[in-house]
Every structure is written in C-alpha cells, then in structure tokens.
Amino acid sequence: NDGSVVATRLGREKWELVPVAEEEAAVGRSSGGTDMSDARLALVREKLAEEEKERLKAERARERAAERAKSAPPPPAKKKGGKKGEPAAAAFGESASVSANVKACEGVLKALHKSPFAPVFAEPVDWKALDLPLYPKLIKHPMDLGSVEKKLKSGRYAAVSDFAADLALIWDNAHTFNADGSDVHQMATKLRKLSEVQLGGVHGPLREGGASGGGSASGGGGASGRMTAR
C-alpha cells in the first residue's frame, strides 16, 4: 500500500516490477494467505543479482574468445613436393632453372646461326660427296650445329655442360681436319669465341634431375660442316 515495488519473474529471464502489495497478495494466495516476509524479498533480489552476474560472465567469456580467435596465427599451409620428400619450392626452383637454361642454349644457337660462317657447320660433313676419305679416319666423333639443335629439343642433354661440350667438339673437329690459317680453321675459331661468350654464366641442368656429363661424344653430324682439306 506504500507504493513499494518488487521484481516478479514473468517467464524465462523476464522480470517486471510490481507493487509489493500485489506480490504479497500473490504469495498469500499460493501459500495459504501468509504475507511475504523480508526474507522472501531478499531471496528474489539475490536471485536477480546472481542471474545478472552469470549473464555478464558469459558475455565477457564470449568477448575473450573472439579476441583470441582474431589474434591467433593462421595454420601452416601444407606443402606438396614435386618428388617424395622434396619441398614444393625446390621442385619449382628446379623446373624454373631448367626452363631458363634451355632458353639460354636456344639463344646461343640462334646467335651462331646468324653468323655468315654458320652454314659451313650447319650439317654433317658428306665426306663421300666431297671426296674426303681421310675424314672418318681423323674425326671419330663428328658433330654439327643441326645435330646439337636436335639433341637440345629432344632433351638429350642433361646439363648445360653437355651442350657446351658438343659445341666445342664442332670447333675441335674443324681445327683437327683443317690446317691452321685456313678459312674453315679461322671460322671455327671465331664461332668458338662467340659460343663461349653467349654461354657465359649459363650452367646447371637442362632437364629435371639432370646432372653434368653424358652425351657429348655421341651424335652424328660432321665436325665442321662442308670442310675442305688444305
């Protein structure tokens, strides 16, 4: 009757402030008419405080969890190796190196073919047509630019060193069969210098898993194109 109010629960987590007199009347009806004591009022207030405390606690826990999720580092990415036990970066690096080396060797051949001397060394020596019976006796491992280009395109060179060895074989054969001071001898000398300049700084594999060695003494063309004995 004095206008005091008390919180009365209206369902789950919903409360309403109602006059104490009404609450006492409701309690009285449910308890056989006894009045609401101060202990009952204190119990209601304590319950309200506990539920508010639990709500704030849960809210702070959610905020902390969100902050931890934002600051947590991302999980490491899985690596896929090109070969068993090989990191992906290593596999990619090797592929990139092979591709760059092949292009570099192709560039060397293009530079050599631009030379006016290139036609002399472009094809195998037809020693029969040129009537050079001594040629096969002196040149045991013939080589020419056309054969080098075919071997490069077919992936027969394992490394740049093998490619360079076949080029050197062309010039060596020309020097062996042609006298010092002859036209072909001088042409071979100039093309040797050109090939060495073009290959400067180029090294490494020419195919995946390639290594130095192999292939330089095999092959088939002439050593110095259509050479003539002097």
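This is a predicted model: local features need pLDDT of at least 70, side-chain atom pairs count only at pLDDT 80 or more; totals for chains, interfaces and linings use all residues.
The protein chain contains 8 helices and 2 strands. Read from the N terminus, the order of elements is β-β-α-α-α-α-α-α-α-α. Of the 230 residues in the protein chain, 30% are buried. Among contacts in the protein chain with a separation of 6 or more, 72% join residues 24 or more positions apart.

In soluble globular proteins, nonpolar side chains tend to be buried together. The largest nonpolar core of this model has 25 residues. The residues with the most contacts inside this core are Phe121, Leu145, Val148, Phe163, Leu167, Ile170 and Trp171. Several helices each supply at least two residues of the core: helix 3 (88-113), helix 4 (118-121), helix 6 (145-153), helix 7 (160-177) and helix 8 (183-198). Helix 7 gives the most, with 7 residues. A second, separate core has 5 residues, including Val125, Leu132, Tyr135 and Ile139.

Helix 7 has 18 residues. From its first C-alpha to its last, helix 7 reaches 26 Å, close to the 26 Å expected at 1.5 Å a residue. Buried residues of helix 7 include Val160, Asp162, Phe163, Asp166 and Leu167. Also buried in this helix are Leu169, Ile170, Trp171, Asn173, Ala174 and Phe177. Beyond its neighbours within four places in sequence, Trp171 is in contact with Leu112, Phe121, Leu145, Ala188, Leu191, Arg192 and Ser195.

Leu206 lies in the segment after helix 8. Leu206 has a relative accessible area of 6%, so it counts as buried. Leaving aside neighbours within four places in sequence, its contacts include Val98, Asn101, Val102 and Cys105. Leu206 also touches Leu152, Tyr157, Ala158, Ala159, Val160 and Phe163. The C-alpha atoms of Leu206 and Arg156 are 8.7 Å apart, although 50 residues separate the two along the chain.

Two further sites were considered. Ser147 is found in helix 6. With a relative accessible area of 15%, Ser147 is buried. Its side chain forms a polar contact of 2.8 Å with the side chain of Asp144. Pro136 is found in helix 5 (residues 135-138). Pro136 is partly exposed, at a relative accessible area of 30%. From Pro136 to Val125 the C-alpha distance is 9.8 Å, and the two are 11 residues apart in sequence.

The structure holds 5 salt bridges. One of these joins the side chains of Asp172 and Arg192 at 2.5 Å, N to O. This pair links distant parts of the chain: Asp172 is in helix 7 and Arg192 in helix 8, 20 residues apart. Asp172 is partly exposed at 35% relative accessible area, whereas Arg192 counts as buried at 18%. Salt bridges with shared partners also join Glu52, Arg55 and Glu59 into one network.

Arg55 and Glu59 are 4 residues apart in helix 2 (residues 38-71), so about one helical turn separates them. Arg55 is partly exposed at 41% relative accessibility, and Glu59 is partly exposed at 31%. In helix 6, Lys153 and Glu149 are likewise 4 residues apart, so about one helical turn lies between them. Their side chains form a salt bridge of 3.5 Å, N to O. Lys153 is exposed at 66% relative accessibility, whereas Glu149 is partly exposed at 28%.

Note on methods
Residues are numbered from 1 along each chain as its sequence is written. Side-chain values use heavy atoms; hydrogens and water are left out. A nonpolar core is a set of buried Ala, Val, Leu, Ile, Met, Phe, Trp, Tyr and Cys residues joined through side-chain atoms within 4.5 Å. Buried means under 20% relative accessible area, exposed over 50%, partly exposed in between (1.4 Å probe, protein chains only). Contact means heavy atoms within 4.5 Å. A polar contact is a pair of N or O atoms within 3.5 Å; within protein, one must be able to donate a hydrogen and the other to accept it, and residues adjacent in sequence count only if both atoms are side-chain atoms. The expected span of a helix is 1.5 Å times one less than its number of residues. A salt bridge is a side-chain nitrogen of Lys or Arg within 4 Å of a carboxyl oxygen of Asp or Glu.
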